[in-house]
Amino acid sequence: MGRIVSIVPSLTETVAETAPGLLVGATDWCTHPAGLDVERVRGTKNPDIERIVALKPDVVLGNTEENRAVDVETLRAAGVAVWMTEIRTVDEALVSLRRMLTEACGLDAPGWLDDAARAWDFPSPARRVRAAVPIWRRPWMVVGRDTFTGDVLSRLGVGNVYADHPERYPKIPLDEIVASAPDLVVLPDEPYRFTADDGPECFPGTPCALVDGRLLTWYGPSLVAAPRALAAQLDVL
């Protein structure tokens with residue numbers, strides 16, 4: 001495999017940390033690793049198809065949640081091979097990334113994948129708290145059912161108040177989030193950048209944990225540090 005375009009930030013980091021010379025294109029949102037010097041192909045939801053095709057990649061790496069089916073179909077119709085991932089749990093991430101790197105990218109499985117598997121190999125904590133996990137405001141949106149983020153939190157002893165919601169990322173009015181009476185509100189810094197001055201004031205009397213969104217939502221080399229770092233950021237009760 002000689003030329004790879006990634007249209008998912010976490011997959012970009014995955015390849016860049018494993019075999020950086022293979023990447024020739026990535027989205028504008030691909031911020032890791034720092035200083036990545038490749039052709040930029042716009043965003044995950046609006047990739048520049050013509051630019052990607054012009055890069056003549058051997059494969060484009062995508063994800064069913066991050067990328068639109070119409071863009072994937074357009075790339076394939078243009079003769080570009082696209083490898084799609086679907087990742088909704090930590091276990092799926094470990095398996096899917098190994099397959100992607102070895103089968104789609106023609107690489108040996110990197111050592112950091114084994115490190116990540118070991119990092120997440122621990123029993124679920126005895127203490128469990130109920131949390132709401134907003135990911136956007138204006139309008140308010142939260143993490144719902146069947147998500148990678150929900151699985152990450154569950155493994156760390158944090159149950160999602162909206163885990164049984166029929167939607168994966170439902171719009172929930174603020175007063176309903178407050179009325180759900182969570183023990184904790186988890187506020188990541190992406191996709192919406194919640195900060196100490198933007199978010200916690202909406203949940204008076206409820207502990208809020210500001211967490212690194214990359215550690216909570218990205219699947220890749222960040223999996224190695226995520227459990228320990230997130231556990232520290234979540235330990236607010």
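Predicted model: local features only at pLDDT ≥ 70, side-chain atom pairs only at ≥ 80, totals over all residues.
The protein chain has 237 residues, and its radius of gyration is 18 Å. A compact globule with 237 residues would have a value near 18 Å, so the chain agrees with that form. Along the principal axes, the C-alpha trace spans about 55 × 35 × 30 Å. Nine helices and eleven strands make up the secondary structure. Of the 237 residues, 50% count as buried. The accessible surface comes to about 11,000 Å². Carbon and sulfur atoms account for 51% of that surface. Among contacts with a separation of 6 or more, 58% join residues 24 or more positions apart.

In soluble globular proteins, nonpolar side chains tend to be buried together. The largest nonpolar core of this model holds 51 residues. Six of these residues touch the most other members: Leu61, Met100, Tyr219, Leu223, Leu230 and Leu234. Helix α4, residues 90–104, gives the most to this core, with seven residues. The surroundings of Leu61 can be listed in detail. With neighbours within four places in sequence left aside, Leu61 is in contact with Ile4, Val5, Ser6, Ile7, Val8, Leu11 and Val15, among others.

Helix α3 covers residues 69–77. Its buried residues are Asp71, Val72 and Leu75. Seen down the helix axis, these buried residues fall within an arc of 100 degrees, so they line one face of α3. An α-helix has 3.6 residues a turn, so residues three or four places apart point the same way. The face turned away from the buried side carries Ala69, Glu73 and Ala77, which are exposed. Just after α3 comes Gly79, with a positive phi of about 90 degrees.

Strand β6, residues 129–132, pairs with two strands, β9 and β10. Its pairing with β9, residues 158–160, is parallel and runs over three bridges. Within this pair, Ala131 has Asn160 as its bridge partner. The pairing of β6 with β10, residues 184–188, is also in the parallel sense, over two bridges. Here Ala132 stands opposite Val185.

Notes:
Residues numbered from 1 in each chain as written. Heavy atoms only, no water. Buried < 20%, exposed > 50% of the residue type's maximum accessible area, 1.4 Å probe, protein only. Helix = DSSP H or I, 4+ residues; strand = E, 2+ residues; numbered from the N terminus. Arc of directions from axis to C-beta. Core = buried A, V, L, I, M, F, W, Y, C linked by side-chain atoms within 4.5 Å. Contact = heavy atoms within 4.5 Å. Pairing = 2+ DSSP bridges. Rg over C-alpha atoms; globule rule 2.2 N^0.38 Å. Areas by Shrake-Rupley, 256 points an atom, 1.4 Å probe, with all protein chains shown as cover.
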